[in-house]
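User: I am new to this one. Could you take me through the aromatic residues and then the strands?

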Amino acid sequence: MDKLNDKLREYLSGPRFAVAATINQDGAPQQTVVWYELQQDDRIMMNTRVGRLKEKNLRRDPRMSICVGDDYRYLTIKGRVTLNYDKEQALADIKTLAIRYYGQEKGEQKTRDVYGKQDRVTIYLTIEDIHEYEI
């Protein structure tokens with residue numbers, strides 16, 4: 001497994017968006033823009049609504065890649081995911097992400113009014129391969 005260095009951790013610490021790729025049942029790629037958080041153990045945490053295509057794809061095939069970019073710089077991470085369907089943990093995780101991307105007040109409001117009414121799942125991506133460009 002490749003490791004993140006301090007430069008890459010710093011890059012991932014900013015609230016950039018990631019493009020996440022999963023594998024459809026027919027083998028074609030499926031991509032979506034997602035929120036993420038780099039956790040202390042160098043795994044990437046994401047969260048989605050249960051029933052979305054990426055969740056269905058990851059239940060069937062846990063391989064995933066994400067690409068985080070800005071301007072001409074980017075970082076691609078490939079690995080396998082673990083899905084956590086614990087309702088309390090999934091709600092806490094989407095709240096963390098909502099605050100990261102919206103700010104405290106709006107993040108709490110969206111969690112209460114929208115995400116708290118949904119079945120959510122947390123996605124933990126374990127890093128197996130890293131490719132960086134111009135970071």
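**Aromatic contacts and strand pairing**

Analyst: Let us begin with one tyrosine: Y101 is buried, at 16% relative accessibility (buried means under 20% relative accessible area, exposed over 50%, partly exposed in between, with a 1.4 Å probe and protein chains only). This is a predicted model, in which local features need pLDDT of at least 70 and side-chain atom pairs count only at pLDDT 80 or more, while totals for chains, interfaces and linings use all residues. Residues are numbered from 1 along each chain as its sequence is written, and side-chain values use heavy atoms, with hydrogens and water left out.

User: How many aromatic pairs are there in the whole structure?

Analyst: The search finds five. Rings of Phe, Tyr and Trp (its six-membered ring) pair if their centres lie within 6.5 Å; planes under 30 degrees apart are stacked, over 60 edge-to-face, and the rest tilted. One of the pairs is W35 with Y101, which is stacked, at 5.2 Å centre to centre and 5° between the planes.

User: Why does that pair tie together separate parts of the sequence?

Analyst: W35 lies in the loop between β2 (29–34) and β3 (37–38), whereas Y101 is in helix α3 (residues 87–102), so the pair links parts 66 residues apart in sequence. Helices (H or I, at least four residues) and strands (E, at least two) are DSSP runs, numbered from the N terminus.

User: Is W35 buried or exposed?

Analyst: W35 is buried, with a relative accessible area of 17%. The ring of W35 also pairs with Y102: the centres are 5.3 Å apart and the planes at 90°, so this pair is edge-to-face. Y102 is partly exposed, at 31% relative accessibility.

User: Which residues make up the aromatic cluster?

Analyst: F17, W35, Y101, Y102 and Y115 form one cluster.

User: What about charges over rings?

Analyst: A charge sits over a ring if NZ of Lys or CZ of Arg is within 6 Å of the ring centre and within 35 degrees of the ring normal. R43 lies over the face of Y124, 3.7 Å from the ring centre, and the charged end of R100 is over the ring of Y36, 5.0 Å from its centre.

User: Now the strands. What does β1 pair with?

Analyst: Two strands pair if DSSP finds at least two bridges between them. Strand β1 (residues 18–23) pairs with β2 in the antiparallel sense over six bridges, and V19 has V33 as its bridge partner in β2. Four bridges join β1 to strand β5 (residues 63–70), also antiparallel, with A18 opposite V68 in β5.
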